[in-house]
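Here is a short report on the strands, helices and cores of one model. Please keep the structure open while reading.

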Amino acid sequence: MFTIAPASTKPPVDLFAAIQELKDKMNAVILAHYYQEPEIQDVADYIGDSLGLSRQAASTDADVIVFAGVHFMAETAKILNPDKLVLLPDLAAGCSLADSCPPEAFAAFKAAHPDHLVISYINCTAEIKAMSDIICTSSNAVDIVNQISKEQPIIFAPDRNLGRYVVEQTGRDMLLWQGSCIVHETFSERKIVQLQVEYPEAEVIAHPECESAILRHARYIGSTTALLKYSKQSSAQCFIVATEPGIIHQMQKQQPSKTFIPAPPVNKCGCNECPYMRLNTLEKMYWAMTNKTPEIKLAPQTQLAALEP
């Protein structure tokens, strides 16, 4: 576990100013996922989903990338920037979806189907990327699959819910790895229906990582960025948002007059918030930049193999 700082050391009172000073000194860029805490989003240079963050990581001329997200995202930044220092505020910020696809098990699964093309969702580890032919995002998965010859059998990994959604949209019979995200599988269909009764004018918008029972109630299905854009363009004034509620901070900032209701989990808990994303804090970010650790490192052969797809 990464130690934030010696017990006798205190962080500065104004973390925003301190991080800005370090950023300028290091020629660093701060990338933050929409699911981060609002204060981290507010200090970031760029906020986005997996696709947008990957593009930003690929185009940056900064010497240091501070990635406020989860481990596979920082790995992606390292794959695209092998010579840059990539920092993750808390190395324990993993991902339940990425963890649901162990490399050894997936290698055996792939070997059992040697004629299949492997399309992997970007929400996977560098090791899984290295075993893939193509990497997709929730934004472009349908378009990518539609470009593949219908005669070519496909393995889709690691998210079964996104894979099932792509199957429905494309009509392709893909072989799905049975991985999933704990957040997107926690939403309660019953409670969403109750909210629709309570707020009949509300539109349900959902991420395709959600289960089919949730998606069938959605007026619009899309990536996190697509949900943000839709909520801005829609004439509706109230939305039930079925994805990690961190995105609501940006929705509310861009449309303060509209109402955004986070889709509730099955249990009376905060399970609709990603526990891994929320491990990152401003204080941990400050110490990561101060100490230049924890650094994301990848084996050269894995990094090269993952870059190909």
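Strands β7 and β8 pair in the parallel sense, over two bridges. Phe156 stands opposite Leu176 in β8. Pairing here requires at least two bridges between two strands in DSSP. Strands (E, at least two residues) and helices (H or I, at least four) are DSSP runs, numbered from the N terminus. The model is predicted: local features need pLDDT of at least 70, side-chain atom pairs count only at pLDDT 80 or more, and totals for chains, interfaces and linings use all residues. Residues are numbered from 1 along each chain as its sequence is written, and side-chain values use heavy atoms, with hydrogens and water left out.

**The sheet around β7**

β7 belongs to an open, parallel sheet of four strands in the order β6-β5-β7-β8. Its edge strands, β6 (134-136) and β8 (175-176), each pair on one side only.

| Strand pair | Bridges |
|---|---|
| β5 and β6 | three bridges |
| β5 and β7 | four bridges |
| β9 and β11 | four bridges |

Strand β5 covers residues 117-121. Tyr121 stands opposite Cys136 in β6. On the β7 side, Ile119 has Phe156 as its bridge partner.

In a regular strand, side chains alternate between the two faces of the sheet. Are the two faces of β7 covered or open? Both are covered. Ile154 and Phe156 are buried on one side, Ile155 and Ala157 on the other. Buried means under 20% relative accessible area, exposed over 50%, and partly exposed in between (1.4 Å probe, protein chains only).

Helix α6 (residues 103-111) lies across β5, β7 (154-157) and β8. α6 runs at about 165° to β7. Such angles run from 0 to 180 degrees between N-to-C directions, with axes fitted to C-alpha atoms, for helices over the stretch in contact.

**The sheet around β11**

Another open sheet has four strands in the order β10-β9-β11-β12, again with parallel pairing. β10 (220-221) and β12 (259-262) are the edge strands, each pairing on one side only. Strand β9 spans residues 203-206. Ala206 has Ala242 in β11 as its bridge partner.

Helix α10 (residues 189-198) lies across β9, β11 and β12, at about 175° to β11. Helix α12 (residues 224-233) also packs on the sheet, touching β9, β10, β11 and β12. The direction of α12 makes about 160° with that of β9.

**Cores**

A nonpolar core is a set of buried Ala, Val, Leu, Ile, Met, Phe, Trp, Tyr and Cys residues joined through side-chain atoms within 4.5 Å. Which residues touch the most other members of the largest core, with its 67 residues? They are Phe67, Ile119, Phe156, Phe187, Val241 and Met251. Strand β11 (residues 238-242) gives the largest share of this core, five residues. Beyond its neighbours within four places in sequence, Val241 contacts Ile205, Ile247, Ile248, Met251, Phe260, Ile261, Pro262 and Ala263. Contact means heavy atoms within 4.5 Å. A second, separate core holds 21 residues, including Ala28, Ile30, Ile40 and Val66.

**A helix pair**

Helices α1 (residues 15-26) and α14 (residues 282-291) pack at about 30°, with their axes 10 Å apart. They are therefore roughly parallel to each other, a term for angles under 35 degrees. Among the residues of α1 that meet α14 are Leu15, Phe16 and Ile19. On the α14 side, Leu282, Met285 and Tyr286 are included.

Notes
Angles under 35 degrees count as roughly parallel, over 145 as roughly antiparallel, 65 to 115 as roughly perpendicular and the rest as oblique.
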